Amino acid sequence: MASSSSPPVLAIFFLVALTLNQVTAQVDSFFSKADFERYHGIAKAALESRSPETVFFGTKLSKALGGDVSSVCTSAVGLISDNPDDLETVAYGMGALKEASCEVSLGAAETRAMKTLKSGWGAEGGSFRCKRLTLLADLALGGGKILENVETAVKNINKHRSEDGSVLSLPEGMSDESTDGTFQLLEIIAATKVTSKGIKKTLERAADLLPGAEGSDDEVDAGADATLLSALATAVADAGGPNLSVTPAQGEALARILLKMKGTASAKGAYKVFAALHTLATKFPDAAPEALVLATPVIKEGAVFRVECRNILGGEISGRSGGVELEKVVALGQAADSVTPPRLEGSGGALEATFTGSGVGVYELSLKVGGKDAAVKRFLVVQAAASLINIEVGVSPSRAHLDGKLYQVPLRGGQVKASALEGEYVSAAFTVAGAAIPQQAFFKFTNLATNSEILFAAKRSGIRSGAGSFVAVVSLADEVQAAFGHRSGEYQLSLVVGDVGFDKPLEQDLGALNLTFSSKPAVSHALYRKPLLWESDTALSPLPEIHHQFRQPERRPNAVLPAAFTFLVALALTAFFRYLPRVGANLNGFPSGGMALFWNIAWLVCLLMVLFLFTAYWVFLKGMTTLKLLFPLGVTTLLVGHRAFVGKVKAGTS
Amino acid sequence: MTPAASALDIRGVGKSLLAEYRKAANTQTKIVDLFLAFIVATGVLQFLYCALVGTFPFNSFLSGFFSCVGMFALTVSLRLQLSSEKNVEKAFGEYTFCCLLLFFVVFNFIG
């Protein structure tokens, strides 16, 4: 970039620099008074914050803006005293005290704060940030209070260097996508004012990271760029370090990014932006672009417009020969030299001229700054008042507006009706009175029930006199009915007309109209072109409703029939018992006494109990329960029966 | 031979069969035969009912009908044992056990 010991290279460099200097870069905004006031507000609010980082950056911002930072001496001490064990609080608090040049004592919290800083230096894992904060805090304390040797400390930090010492690599854990580590290192370099060969290379590499540099990534975070530039400038200028230059291309690119960022609301962001802009404007004046701004981008016809040429901080540009000259004024879309360019007059960077063009619209101003050959273009909008006149609403059987019945506006509700069933057309004709013929004119229908709006474009027409005649014809045909959703009812009509040349848009209420549409047609398109799985995928109508077929209850007989059969079975049973005596059945073999009687009765009882258990199983018992009961009962029945039959056999034998 | 003569002949055979049965069969056999007749009558009545009103519930019909069939089979085997074996008590004990087993299955299936 900047330094080279070779004379031919130097000569080439100066030639290139001279050539580049012929065209001073221009940006279209600057840091205005309103921005200054807003930033003062941000700084003031930051000084009252409870966040140490916010207080730190608020202090830096306030100091950069030339504000009063004396309140920090109290608030920062309070923050540190409230939380002396937190590294961030102590480090940022110390930094704020240093920035504000406070001479205060931490009192009882000092011992703990020092201990926190020392432990921050030795912290492992993500310790780079801790070390940086600790180092900055130590510097804030005057150096050497925590770290034995600041130079050694910086060298320790500078150990994040590639093996050949050429590049200061990013600390472990920081991504190559972000240059945050480089910024923090540069901040340390600037704060410690340490210079070395490695530092020089670091600065050069960092400068290559600025947008606009050859091979740089213009998508780098603008906030990071701001920090980088601030750190670079501080390191270079304050430390008396190696010469470093920023090219005009880099300056312009950086200025655009910073000015785009100036709307930030945070103290940290505001400081970065302002510090970088300030550095660019004061320490790299040759690279800083100028701001050529149309202070009045929109004017009325024949009014005065104002051009301001300032530096990016809103100050006057000094040391440049030649003012700002308006070379030509061209109405957009027309031939060159359509307007005689007026002469800009004024001083102190603010110039005025009365617009001499006729007609509203957008004009391109070509401005020459400082006698340079290349012109800078800015756009001026000239506006005038406009109005709508000769408004008519018509309902006709054809497209011709004049064929139907015409109504004056506003239409009374319910008075005017139009029907799609009869193929009618609704039209509106109007004339725009004013200096401009509008680019856009719409005829709007608003459904009073649903508030939905449907707009139709109006076209230029010659049916009425006047250059700004328009007509909008709406056919209530099928395709338009779909736009209305087939919703019949009252619609509010209005005209909406706008153009850049109008000082305000025009919206004219035309009254209410009753529209009748046909009913919504059935869906005419299939969901899928081809069936996915079933033919019904392309069905246009709902499939038949599914009726669940539940199992029908079984046919039950009349109650008489089961009763009759039960009677018949009972009859058979009765006949069985009746014929038993006839065939000779008797109880003579049944024991009459003694144990044989007992066992036989027990045997019969056991059988009855088994049958009762089976009945109980049928009615309410579970299978396993039945088996559990059946097992002992069965065994008992077996044993009892065996005894009974053995006794009977013995009785028979005897 | 004329139908009337055939009918008279069949009646005669039946009468002689019945007379011979009454003379030859002992009491136990007659009781068992009467029980068999009752079982058959019950089974036929169940079948007729099913034919008239349908099989629902089918499991109940099966359990009832096969209880008759099972009892018939067991009782027939008891009859055979009673006529051939001297140990009536043993046969009756086995018959009782098998009937209880059959009843357990029937009650399990009857629903």
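**View 1. Strand 4 of chain A between its bridge partners.** In this predicted model, A350(A) of strand 7 (residues 350–354) is the bridge partner of E308(A), and strand 7 of chain A pairs with strand 4 of chain A in the antiparallel sense over 5 bridges. E308(A), in strand 4 of chain A, also stands opposite V293(A). Strand 2 (residues 290–294) of chain A and strand 4 (residues 304–311) of chain A are likewise antiparallel, with 5 bridges. Two strands are said to pair if DSSP finds at least two bridges between them, and helices (H or I, at least four residues) and strands (E, at least two) are DSSP runs numbered from the N terminus. Residues are numbered from 1 along each chain as its sequence is written, while chains are lettered from A and ligands numbered from 1 in the order in which they are written. For this predicted model, local features need pLDDT of at least 70 and side-chain atom pairs count only at pLDDT 80 or more, whereas totals for chains, interfaces and linings use all residues, and side-chain values use heavy atoms, with hydrogens and water left out.

**View 2. An open sheet of 4 strands in chain A.** The strand order is 3-9-8-5, and the pairing is mixed. Strand 3 (298–300) and strand 5 (324–331) of chain A are the edge strands, each pairing on one side only, and the twist averages 35° from one strand to the next. Strand 5 of chain A runs antiparallel to strand 8 (residues 361–369) of chain A, to which 7 bridges join it. V329(A) stands opposite L365(A), a residue of strand 8 of chain A.

**View 3. Helix 2 against helix 3 in chain A.** The axes of helix 2 (residues 33–47) of chain A and helix 3 (residues 52–65) of chain A come within 8 Å and cross at roughly 140°. Here axes are lines fitted to C-alpha atoms, for helices over the stretch in contact, and angles run from 0 to 180 degrees between N-to-C directions. The crossing of helix 2 of chain A with helix 3 of chain A is left-handed, a term used if the near helix is turned anticlockwise from the far one by less than a right angle, with right-handed if clockwise. Among the contacting residues (heavy atoms within 4.5 Å) are F36(A), Y39(A) and L47(A) of helix 2 of chain A, together with V55(A), G58(A) and L65(A) of helix 3 of chain A. By class, this contact has 9 nonpolar, 5 polar and no charged residues; Ala, Val, Leu, Ile, Met, Phe, Trp, Tyr, Cys and Pro count as nonpolar, Asp, Glu, Lys and Arg as charged, and the others, Gly among them, as polar.

**View 4. Helix 4 against helix 5 in chain A.** Helix 4 (residues 72–82) of chain A packs on helix 5 (residues 87–99) of chain A at an angle of about 165°, with the axes 9 Å apart. The two helices are therefore roughly antiparallel to each other, the class for angles over 145 degrees, where under 35 is roughly parallel, 65 to 115 roughly perpendicular and the rest oblique. The residues that meet include V72(A), A76(A) and I80(A) in helix 4 of chain A and V90(A), G93(A) and L97(A) in helix 5 of chain A. That contact has 10 nonpolar, 2 polar and no charged residues.

**View 5. Backbone features in two loops.** S101(A), in the loop between helix 5 and helix 6 (110–121) of chain A, has a positive phi of about 55° although it is not a glycine. In chain B, the peptide bond from F56(B) to P57(B) is cis, with omega near -15°, and P57(B) lies in the loop between helix 2 and helix 3 (58–84) of chain B.
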